[in-house]
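Subject: Structure handover

Hello,

Here is the structure for your files. Notes on a few of its helices follow below.

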Amino acid sequence: MSKKHQYTKPRRTTSNFSLTSLVTDRRFKLTLGLITMVFAMVLSAAFVSYFWSGRADQSTVEALWRVSLTDSGRDVQNWMGIFGAFFAYLFVYKWFGIASFLFLPFMFQYGYFWVTERKFFSERSYLFGMLFWLFWISTLMGYVALFFEGRNSWSFLCGGIGFELAFLLNSIFGGATILVLLLALGIYIVFYYDISQIDALKSRFESASSGSIASSFKKTMQKPYDDSSDFIREKMQPRPNPFDQKGNPTPNNANNSGAATNKNGAGIIVEDNKGKDINNGTSNFEFNLQPPKVNLGKNITTNKTGEPTFSIEDTTDVNEVPLVNPLIFEEETDLNQPENPADKVPAYIRFGLYDPKLDLMKYVYPEWDLLHPPVQNKLRVTREELEANKEKIVETLSHFNISIDTIKATVGPTVTLYEIVPQAGIKISKIKNLEDDIALSLSALGIRIIAPIPGRGTIGIEVPNKNREIVSASSVFSTEKFQKSEFELPIVLGKTISNEVFVTDLAKMPHLLMAGATGQGKSVGLNIILTSLLYKKHPAELKLVLVDPKKVELTLFNRIEKHFLAMLPNSEEAIITDTKKVVHTLNSLCIEMDIRYGLLKDAACRNIKEYNEKFTKRMLNPNEGHRYLPYIVLVIDELADLMMTAGKEVETPIARLAQLARAIGIHLIVATQRPSVNVITGIIKANFPARLSFKVASKVDSRTILDTGGADQLIGQGDMLLSNGSDIIRLQCAFVATDEVEKICDHIGKQQGYATPYLLPEFEDENGDQESKVVDLANRDSMFEEAARVVVMHQQGSTSLIQRKLSLGYNRAGRLMDQLEAAGVVGAFEGSKARKVLVADETQLQELMRSLA
């Protein structure tokens, strides 16, 4: 048995406009329904008029974008003017011909439903049939048109789609096209009417007689039609109501665990074939699994029909606005309490899923117009350049007695990949050693030979293009591949050598190590990664910890401090630049990692995705410390400076996070311009499987970052190699300008944010100044006694507990915890573990308070 409690946040006293309230407004539905019905009737007249005026209006409609609208309207003969002529031309001529009339009942039905809340037929079955008949009728008419004067004379019958489909089928099947159409019709009838035997076909058509249709229509007009009722009446067996009129389980159904509840919590209403409710014999067409109505009160009562209604005690001011997204959860309670049927319904079904985005419900994601439009590069690789390079490669190889069978080129934004297949007996190592000779013959810098290309059986020679193409941020962000990606942390890096946009998931990498010499595009690469995350994630889903020892590279992101950034409780700036604070931040992230693993352990989850899914379904109790966990991405812009000044103090927490933090949603992006072994140590390198290298100075640096050469042969300005396991991919990094990043951060920063940045756990340095920790108990906080009672009552020395129970900020709660430690209520700080409570009960606490007075 489960009992529901409600944990409420401070509520707003003003109501806010939302899209949901507009869509659910009855006036909006009425207006939209009337517009849809009128539009359907106008289209009906336009389609009919098209039979006589279509040819005369065709030239006018096709020239619509070249002639003014007023002049076009004077020339048309369609009954509905230029408006009707355009839509009739689109639906009838361009699309489905005479079958376009099937759209009209479907459209009118929706408008009629929005106005009257009644339906003529089931949209689901009609939509399925409409889609089939649209293509079948238009294709049949197109096949007929092929044997007459062509498409132009029969356009009102077949439409453009029907004619093209008929032409395709006729090209494949010839005269058997009509048999293919009849076969499609037969398959449709079998599936639509659910025919499993030939004898059943007759009974199916008899059941669709006019009398039964009229009877069904009459019933439908009496009550709003439910799409699922046909399926339920045929597929579900009737069951008696599991509860009596008072809401108590009936003797025959008390143990029926399969009983669901209707919108008032009283059980499913199931109908027989005559449309009667078998529970009470009344006519009813409902099958609802909606959450019950929740009224503010203190008891469980019954309504007029004897059905139980569930209510929750109101502890808020009557003038406050109810929460949109209350933290309602489930917990185990006393089994001896009387059973309430409403408690059988899970909390997420009754109250909906918890949505962390509702804390900032008005947040607007950045738009694409904040970026510069893509630049059309006119200086592309020409065929003459390709042929010249091919001939030089073949000539150079022939000088060393190397013959090739085939050669082909793949043109990319920065380089062109020439794939060659040598003749049998040629050693690959012989071609690999000719890298410098080929570069000399082509007069090109940055020749790279891939011998062989994994999975292709060819040898690749990458040759830089004479005219490079700039890959703009808008050209990659506006692609469908990025916009519709369902990755947890999608990042777009640029384009491959085959001009494909490269999108990957940072959560699966799970950490990224970047290297590159000064001026080769490393900072731009960091900006494109961060911009990708800002475009795709909500502030409730992602937090960034930015470390910038150079103090100038990441300053633009200060503007999104209260939306996306995370920081230590006592920090003045969200972007960390001081080395000592970097050490504290890294150790604080280790504490956050340990806390999160504790939450996952208590919730019996293996990763952050499973945990958040449970929390959104209201299966975890916030009063027990559970909360929605956003992803945290740590970005370090220059690791070399930190390793030089802090060394092991930085290396150890980075290694811990890289080893363990993946499952709980903490991911690292570490960049350096000096990829030497004393910066990228073995313990760091071993835990970063994904590595990204821009142009580096030497082959030694390339082997340090990628475990192979090649990064020293890059041509700079965003040319990079990505290694993720065994594969190495060459990419051209997308370019995002400083003013573009500034516009994006301004767009986010101007919106409503959280009260404070995301606060990380406080880290206490054991080697710090102990005198600074001395607490003066004579100047205790005014809420000292309340905080002490909370800690003793729950026997949990946690700062977050004081925050939740007393509605305090983190800094004040931390000071209270220090005072409680000085007073002897709690023990010393123990890292990720809660402090020990030294006071056993409230009686002992009162004695302690008298001694402090």
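Contact here means heavy atoms within 4.5 Å. Helices are DSSP runs (H or I, at least four residues), numbered from the N terminus. This is a predicted model, in which local features need pLDDT of at least 70 and side-chain atom pairs count only at pLDDT 80 or more, while totals for chains, interfaces and linings use all residues. Residues are numbered from 1 along each chain as its sequence is written, and side-chain values use heavy atoms, with hydrogens and water left out.

In helix α27 (residues 784–794), the residues Phe784, Ala787, Ala788, Val790, Val791 and Val792 are buried (under 20% relative accessible area, 1.4 Å probe, protein chains only). Their cover includes α28, α29 and α30 (842–852). After α27 comes Gln795, with a positive phi near 50°.

Two of those covering helices also pack on each other: α28 (residues 799–806) and α29 (residues 810–823) have axes 9 Å apart, at an angle of about 120°. Axes are lines fitted to C-alpha atoms over the stretch in contact, and angles run from 0 to 180 degrees between N-to-C directions. The pair is therefore oblique, the class left over once angles under 35 degrees (roughly parallel), over 145 (roughly antiparallel) and 65 to 115 (roughly perpendicular) are taken out. From α28, Thr799, Ile802 and Gln803 meet Tyr810, Ala813, Gly814, Leu816, Met817 and Leu820 of α29.

Elsewhere, Thr177 lies in helix α8 (residues 177–192). Thr177 is buried, at a relative accessible area of 0%. Beyond neighbours within four places in sequence, Thr177 contacts Tyr143, Leu169 and Asn170.

Regards

Notes:
Helix = DSSP H or I, 4+ residues; strand = E, 2+ residues; numbered from the N terminus. Buried < 20%, exposed > 50% of the residue type's maximum accessible area, 1.4 Å probe, protein only.
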